[in-house]
Amino acid sequence: MTPRSEDEPVFFDLNYVTITRDQRTELVLAIGGDPRAAGILQTAGGFHSAPGAARDYHRLPHHLPVEEQRHGATAAAHALLLAGYSVHLDPALNTLATPDGDRQAAHRYLAGLETRARAAETDRDVAGLLSEIAAPEEGLLPHLVQSLITTWATWGERRRDAGLDEEPADQLMETTSSLSNHARRITLIRDQAARRTPPAAAAPGPAAAPPTSSSAPSARRR
């Protein structure tokens, strides 16, 4: 029996199933349980049986996308719980874990955008990325702006009620207004990228003067 780790309990009950990711192989594994648990792992989570040195274990297929691994692990864990088993599910594999699970999912999504940006080969590819970043209401930036507006409004009101200086909240208000203007400019750039490129390149003309950025109107609290 291996020594007990501080953050990983040792289980002796065959009804206890541990679902985690092996750090060396990056495989999602399920250890423990009985033949009935093995059937639930296979049907609910898509796990496959695999021979081990001490006893058989279960794993998800190689090269399965990360999100599919997490969904399979979470579905299997919940099915096992409903069947009466005790389950330890690695929080990194739990699609329902919050807030850390949500934060990790957001980081993975942003990393995916970065990967797609490096692989973009056409203007339309770029337009698709910019749509996800700055599209009105549904884009990342508009959601961020709305979160900042809520933060500014509640923070400013709390400082005002307490008789404190509202300057920090006012600075956040101005910064949020500027970010909102930048999101609209990115949307305009997205529209330009979405237009079809002419089949033949036009003859080079005089270089256009760079656009001048007009100062965004300052937001005022009503």
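Predicted model: local features only at pLDDT ≥ 70, side-chain atom pairs only at ≥ 80, totals over all residues.
Phi of glutamate 26 is near 65°, a positive value, and the residue is not a glycine. Most residues other than glycine have a negative phi.

Histidine 63 repeats the theme in another loop. Its phi is also positive, at about 65°, although histidine 63 is not a glycine. The loop in question lies between strand S4 (57-59) and H2. Histidine 63 counts as exposed, because its relative accessibility is 80% and the exposed class begins over 50%.

Now step back to the whole chain. The chain holds 6 helices and 5 strands. Followed along the sequence, they come in the pattern β-β-α-β-β-α-β-α-α-α-α. The chain has 222 residues, and 26% of them count as buried. Take the contacts with a separation of 6 or more. Residues 24 or more positions apart account for 51% of these.

Next, the core. The largest nonpolar core has 17 residues. Ile19, Val28, Leu41, Phe47 and Leu80 have the most contacts inside it. Strand S1 (16-21), strand S2 (28-32), H1, H2 and strand S5 (86-89) each give two or more residues to this core. H2 supplies the largest share, 4 residues.

Setting aside neighbours within four places in sequence, valine 28 is in contact with Ile19, Thr20, Arg21, Phe47, His58, Arg59, Leu60, Gln69, Ala73 and Leu93.

Follow the last of these partners. Leucine 93 lies in the loop between S5 and helix H3 (100-119). Is leucine 93 buried or exposed? Leucine 93 counts as buried, because its relative accessibility is 1% and the buried class lies under 20%. Beyond residues up to four places away in sequence, leucine 93 touches Ile19, Thr20, Arg21, Val28, Arg70, Ala73 and Thr74. Arginine 70 is 23 residues from leucine 93 along the chain. Their C-alpha atoms are separated by 4.6 Å.

Two helix pairs come next. Start with helix H1 (residues 35-45) and helix H2 (residues 66-82). Their axes come within 8 Å and cross at roughly 135°. H1 and H2 are therefore oblique to each other. The crossing of this pair is right-handed. On the H1 side, the contact is made by Ala37, Ile40, Leu41, Ala44 and Gly45. On the H2 side, Gly72, Ala75, Ala76, Ala79 and Leu80 take part. By class, the contact residues of H1 and H2 are 8 nonpolar, 2 polar and no charged.

H4 contributes Asp123, Arg124, Ala127, Leu130, Ser131 and Ala134 to the contact. H6 contributes Ala183, Ile186, Thr187, Ile189, Arg190, Ala193 and Ala194. This contact divides into 8 nonpolar, 2 polar and 3 charged residues.

Zoom in on one residue from each side. Alanine 134 belongs to helix H4. It is buried, with a relative accessible area of 2%. Leaving out residues up to four places away in sequence, alanine 134 touches Gly139, Leu141, Pro142, Ala183, Ile186 and Thr187. Alanine 134 and histidine 182 are 48 residues apart in sequence. In space, their C-alpha atoms are 9.0 Å apart.

Threonine 187 lies in helix H6. Which class does threonine 187 fall into, buried or exposed? Threonine 187 is buried, because its relative accessible area is 19% and the cut-off is under 20%. Apart from residues up to four places away in sequence, threonine 187 touches Ala134 and Pro136.

Terms used: Residues numbered from 1 in each chain as written. Heavy atoms only, no water. Axes fitted to C-alpha atoms, helices over the stretch in contact; angles between N-to-C directions. Parallel < 35°, antiparallel > 145°, perpendicular 65-115°, else oblique. Left-handed = near helix turned anticlockwise from the far one by under 90°. Contact = heavy atoms within 4.5 Å. Nonpolar A, V, L, I, M, F, W, Y, C, P; charged D, E, K, R; others polar. Core = buried A, V, L, I, M, F, W, Y, C linked by side-chain atoms within 4.5 Å. Buried < 20%, exposed > 50% of the residue type's maximum accessible area, 1.4 Å probe, protein only.
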